[in-house]
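Hello,

Here is the structure I said I would pass on. Please have it open as you read; my notes follow below.

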Amino acid sequence: VQLQASGGGLAQAGGSLRLSCAVSGRTFVTNALGWFRQAPGKERELVAVIGWSSVNTYYGDFVKGRFTISRDNAKNTHYLQMNSLKPEDTAVYFCAASSRKGWTIYDYHYWGQGTQVTVSS
C-alpha cells in the first residue's frame, strides 16, 4: 500500500488549506484512513480518522470543529479540510491507512511521506 499526500503549504492564521492523500496498491486491505501531524520536537499525534463507510470519524481534541476529514472510496483518496488555521497547527502532516478500525495511531501501518503545513501569524 502506498500513500501520497499533497496540498500542504503556507497559510495565514485564520486561513484554510485542503490536504489530499491518494492511496494505491493493495487498497483492499485498508479500512480506516487518517491524518496525523508532527511538529518539531514533538511526538506524532492524531488529527483525524475516518472509517470505511465515512459514518464514523474521530478528531484530536485540538481540532475543535475546525477540520473535516472525508474520503472518496471510488478514488481511493481521503482529504483533510482545515479551516481557521492557527500558528500552532504548523507541522508536517502525514496521511495513513489501517487495516483495523483505526482509532489510535498504533493501528496504522501504512504511511505517506508527509506534507509541510506552515501557518503564519
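Arginine 66 and aspartate 89 pair through their side chains in a salt bridge, 2.7 Å from N to O. The two lie in distant parts of the chain, 23 residues apart. Arginine 66 is in the loop between strand 6 (57–59) and strand 7 (67–72). Aspartate 89 is in the loop between strand 8 and strand 9. Please keep in mind that this is a predicted model.

The cut-off for buried is under 20% relative accessible area.

The pairs belong to a wider set. Arg37, Glu45, Arg66 and Asp89 are linked in a network of salt bridges. In general, side chains of opposite charge can pair when their charged atoms come close.

How many salt bridges does the structure hold? The count is four. One of them joins arginine 100 and aspartate 107. Here the closest N and O atoms are 3.7 Å apart; the limit for a salt bridge is 4 Å, so the pair qualifies. The two partners fall into separate classes of accessibility. Arginine 100 counts as partly exposed, with 44% relative accessibility. Aspartate 107 counts as buried, with 15%.

**The disulfide**

A search of the whole structure turns up one disulfide. Cysteine 21 and cysteine 95 form it, with their sulfur atoms 2.1 Å apart. Where do the two cysteines sit in the chain? Cysteine 21 is in strand 3 (residues 17–24), and cysteine 95 is in strand 9 (residues 91–98). They are 74 residues apart, so this link also ties distant parts of the chain together. The angle about the S-S bond is 60 degrees, and the link is right-handed. Both cysteine 21 and cysteine 95 are buried.

Most residues other than glycine have a negative phi.

Lysine 64 is in the loop between strand 6 and strand 7. Arginine 66 is placed in that loop as well.

Asparagine 76 is in the loop between strand 7 and strand 8. Its relative accessible area is 29%, so asparagine 76 is partly exposed.

**Where to start**

Then go to the link of cysteine 21 and cysteine 95. Finish with the loops that hold lysine 64 and asparagine 76.

Best wishes

Note on methods. Residues numbered from 1 in each chain as written. Predicted model: local features only at pLDDT ≥ 70, side-chain atom pairs only at ≥ 80, totals over all residues. Heavy atoms only, no water. Disulfide = S-S within 2.5 Å. Helix = DSSP H or I, 4+ residues; strand = E, 2+ residues; numbered from the N terminus. Buried < 20%, exposed > 50% of the residue type's maximum accessible area, 1.4 Å probe, protein only.
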